[in-house]
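Please go through the points below with the model open beside you.

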Amino acid sequence: MKKIYILFFFIILLFNISACDKKTDLDNENIDNKNIEDENVNNKENIKNNILTNNQGDILIEFENEYYLPIVGVLNSKEDFKMELHKLIEQSHTKHLTYKECWTALETVDEDPNNSNNVLCIYSGLSMPKNNHVGSAGSYGQWNREHLFPQSRGFKNDSAVAHNDIFHLRVTEYTANLGRKDTDFGEGNAYFEPKDDVKGDIARALLYMAVRYNEDDYSSYTYNGKTYTDSDDLDLELVRRQSGTLQQSTGEYVFGNLEYLIKWNYIDPVSDIEKKRNDAVFSIQGNRNPFIDYNEIVAFLYPEYAKEYVDISKISYLL
């Protein structure tokens with residue numbers, strides 16, 4: 001009887017220890033859940049407060065995407081806003097691809113939605129097998145890598161960050177690429193005009209490039225409490241004309257035509273396909289194209305052109 005009593009005592013003791021362990025686990029789980037809830041609340045509050053205003057207090061953009069949390073406060077000028085965008089999309093551009101890695105990246109971001117074995121030419125819409133790509137020499141039906149902002153406009157070599165930025169690097173059918181060369185985008189005999197349903201895509205890619213690679217203006221700056229020196233010695237600018245010379249006396253590499261690009265941005269709005277590509281590039285490079293996420297930005301940076309297509313009365317102070 002004594003032995004049974006001792007055994008019973010140990011069973012009760014083990015049960016109590018087990019119950020305590022479960023209670024501790026449950027308490028820890030509740031604490032973890034509360035921490036997650038608090039973090040979510042804080043994130044939501046940060047996003048809620050992530051509203052860009054001018055110095056009159058007018059609300060201009062309300063950012064809902066967490067990526068844009070660093071951009072808060074007052075927008076005093078379009079130059080200030082451009083600099084904030086530049087800092088964000090440069091410092092979050094953490095993966096710099098090699099030119100060889102761009103083949104695989106393009107197979108992902110320019111995949112044919114109707115055939116996962118193929119990619120689509122941005123100019124013609126032709127669907128081509130992923131494994132049928134070529135470098136400098138090829139024939140119709142093969143594809144290569146097209147630089148929307150031409151290689152001849154400032155890219156020193158194929159290891160330059162801008163050279164391999166897949167926001168402006170696109171799949172093109174070989175002969176279509178040859179036909180465009182480094183001609184400015186626009187309408188009329190002097191320009192290269194793509195099909196209507198990709199005009200906005202091309203415009204927003206080039207607008208991104210002009211903000212992302214703007215190094216002469218922002219050679220050193222503070223971001224999240226740290227001082228950075230730009231890693232890319234490159235200043236790209238969009239102009240309202242044919243670009244003519246490859247480089248301006250100021251050191252800027254220019255490309256055109258900005259007037260048509262702004263027009264295309266509005267007549268060919270952001271599509272679901274473009275949003276998915278933006279997400280895909282984000283997952284590879286780490287940065288985003290703000291002109292796709294918040295197309296209102298176009299009017300804030302280029303009000304003199306945007307006024308043809310949207311009401312800019314609320315941002316007239318930028319003129």
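1. On the face of α7 turned away from its buried side sit the exposed residues D272, K276 and S283. Here buried means under 20% relative accessible area, exposed means over 50%, and partly exposed lies in between, with a 1.4 Å probe and protein chains only. Helices (H or I, at least four residues) and strands (E, at least two) are DSSP runs, numbered from the N terminus.

2. This is a predicted model, in which local features need pLDDT of at least 70 and side-chain atom pairs count only at pLDDT 80 or more, while totals for chains, interfaces and linings use all residues. Residues are numbered from 1 along each chain as its sequence is written, and side-chain values use heavy atoms, with hydrogens and water left out.

3. Which residues of α7 are buried? They are E274, R277, N278, A280, V281 and Q285. These residues lie on the same side of α7 because they cover an arc of only 165° around the axis. The arc is taken from the directions that run from the helix axis to the C-beta atoms. The buried residues of α7 pack against α3, β8 (169-173), α5 (199-212) and α8 (290-293). Contact means heavy atoms within 4.5 Å.

4. The length of α7 is close to expectation: its 14 residues reach 20 Å from the first C-alpha to the last, and 20 Å is expected at 1.5 Å a residue. The expected span is 1.5 Å times one less than the number of residues in the helix. Just after α7, G286 has a positive phi of about 100°.

5. The search of the whole structure finds 1 cavity of 30 Å³ or more. On a 1 Å grid over the protein atoms alone, a cavity is a set of points where a 1.4 Å probe fits but cannot get out; a pocket is an open set with protein on both sides within 12 Å along at least five of seven lines; and lining residues have an atom within 4 Å of a point. Grid points are joined across faces, edges and corners, and a volume is the space filled by probe spheres set on the points.

6. The largest cavity has a volume of about 90 Å³. Among the residues that line this cavity are E274, R277, N278 and V281. The largest share of its lining, 4 residues, comes from α7. By class, the lining of the cavity has 4 nonpolar, 2 polar and 4 charged residues. Ala, Val, Leu, Ile, Met, Phe, Trp, Tyr, Cys and Pro count as nonpolar, Asp, Glu, Lys and Arg as charged, and the others, Gly among them, as polar.

7. The largest pocket holds about 530 Å³ of space. Of its 21 lining residues, E111, P113, L120, R170 and I273 lie nearest the centre. Elements that give two or more residues to this lining are α3 (101-109), β4 (111-112) and α7 (272-285). Again α7 gives the most, with 5 residues. The lining has 8 nonpolar, 3 polar and 10 charged residues.

8. The second largest pocket has a volume of about 330 Å³. It is lined by 17 residues, and N144, R145, E146, Q151 and N177 are the closest to its centre. Two or more residues of the lining come from each of β7 (143-147) and α4 (174-180). The largest share, 4 residues, belongs to β7. By class, this lining has 6 nonpolar, 7 polar and 4 charged residues.

9. Is K87 buried or exposed? K87, in helix α2 (residues 78-91), is buried, with a relative accessible area of 8%. Its C-alpha atom is 8.0 Å from that of R212, which is 125 residues away along the chain. K181 lies in the loop between α4 and α5 and is exposed, with a relative accessible area of 62%. Phi of K181 is near 55°, a positive value in a residue other than glycine.

10. A cis peptide bond joins G256 and N257, with omega about 0°. N257 is in the loop between β12 (253-256) and α6 (258-267).

11. For the whole protein chain, there are 10 helices and 12 strands. Of its 319 residues, 45% are buried. Among contacts between residues at least 6 apart in sequence, 61% join residues at least 24 apart.
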